[in-house]
Amino acid sequence: MLPFKLVYHERYDLNLGPHVFPSQKFRLIHEMLLREGIATQDDFLRPNPASDEDILRVHTPEWVRKLKTGTLTTSDVMKLEVPYSPELVEAVWLAVGGTILAAQAAIRDGFGSNLGGGFHHAYAGHGEGFCAIHDVAVAIRKLQADGVIKKAIVVDTDVHHGNGTAAIFRNDSTVFTLSIHQKNNYPAHKPASSLDLNMNDRADDDEYLGALIPAVQQALGEFRPEILFYVGGADPYCEDQLGGLSLTKKGLKQRDRHVFEAARRRGIPVATTLAGGYARRVEDTVRIHVNTILAAREVALAFPSASAARS
Ligand SMILES: [Zn+2]
């Protein structure tokens with residue numbers, strides 16, 4: 001039994017068929033967690049789809065209408081880079097509901113993990129790079145609207161820059177956006193985050209962790225957020241097909257652990273989401289995402305109570 005909740009729905013599968021995005025990974029992560037005894041059925045929460053009211057705090061009515069009525073233009077679909085289907089929309093609305101639920105669980109338990117989401121390339125008015133709706137942004141706006149938090153930080157460790165996050169929260173002093181990514185990679189246009197850590201091609205574990213960890217500690221110390229949203233990409237992995245960094249599985253787990261520990265030591269709840277992962281062997285992507293849950297468990301057990309850590 002885990003000391004925090006996991007959020008999952010069997011319809012997270014984006015229904016992409018043969019595609020570089022391994023949409024079966026959501027199911028495979030769920031299966032691995034159960035098979036290896038890391039989690040039991042009681043550890044899981046099942047999300048409801050996000051409400052349109054929640055989504056419209058971030059996205060334009062025009063973009064939401066296009067998605068719900070299947071009226072995307074050819075250009076919209078080209079930017080999104082995944083084929084449109086009603087199942088895709090259902091999966092996205094569920095994943096957004098999942099990130100909201102994981103955030104609410106994190107506020108209560110110190111950690112909460114959505115085994116989906118991390119759609120950091122979605123903008124308010126269009127989708128990009130496999131991301132239609134920005135689940136983390138919607139969850140932040142919901143917590144703010146409900147009066148649960150004022151300030152949030154997004155720590156985005158996907159190998160690709162968090163362009164949607166940066167654009168949505170540009171000029172918003174309540175949300176600190178931190179992205180560590182490969183400089184020479186998608187997206188071509190990288191709007192400025194609060195802090196961008198641009199990594200050179202083939203940066204390894206030491207180089208990456210040496211840049212990330214002090215930056216996270218400083219941001220948490222100075223900005224003092226009330227929740228940390230973790231966009232935990234598996235694609236900085238050395239064998240990723242869409243990434244050009246050289247992190248090992250061990251280095252990626254250390255990355256997760258260091259970020260979680262920095263938050264936990266300050267009593268800041270952590271909500272995790274998955275984001276990308278395109279390893280040649282899908283088992284590697286699944287393992288890296290499962291390791292994020294293990295890292296959260298290690299930190300939760302090492303620091304039993306977020307409120308105790310605060311005092
Ligand atoms: Zn990515």
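A crossing of two helices is left-handed if the near helix is turned anticlockwise from the far one by less than a right angle, and right-handed if clockwise. With that in mind, H9 passes H10 in a right-handed crossing.

Quick caveats, folks: this is a predicted model, with local features needing pLDDT of at least 70 and side-chain atom pairs counting only at pLDDT 80 or more, while totals for chains, interfaces and linings use all residues. Residues are numbered from 1 along each chain as its sequence is written, and side-chain values use heavy atoms, with hydrogens and water left out.

Back to the helices, which are DSSP runs of H or I, at least four residues, numbered from the N terminus, as are strands (E, at least two). H9 covers residues 249–265 and H10 covers 282–302, and they pack at about 35° with axes 9 Å apart. Axes here are lines fitted to C-alpha atoms over the stretch in contact, and angles run from 0 to 180 degrees between N-to-C directions.

Asp158 sits in the loop between strand S4 (152–156) and helix H7 (163–168), and Asp235 in the loop between strand S7 (227–231) and H9, so the pair ties together parts 77 residues apart in sequence. Both are buried (under 20% relative accessible area, with exposed over 50%, partly exposed in between, 1.4 Å probe, protein chains only): Asp158 at 1%, Asp235 at 0%.
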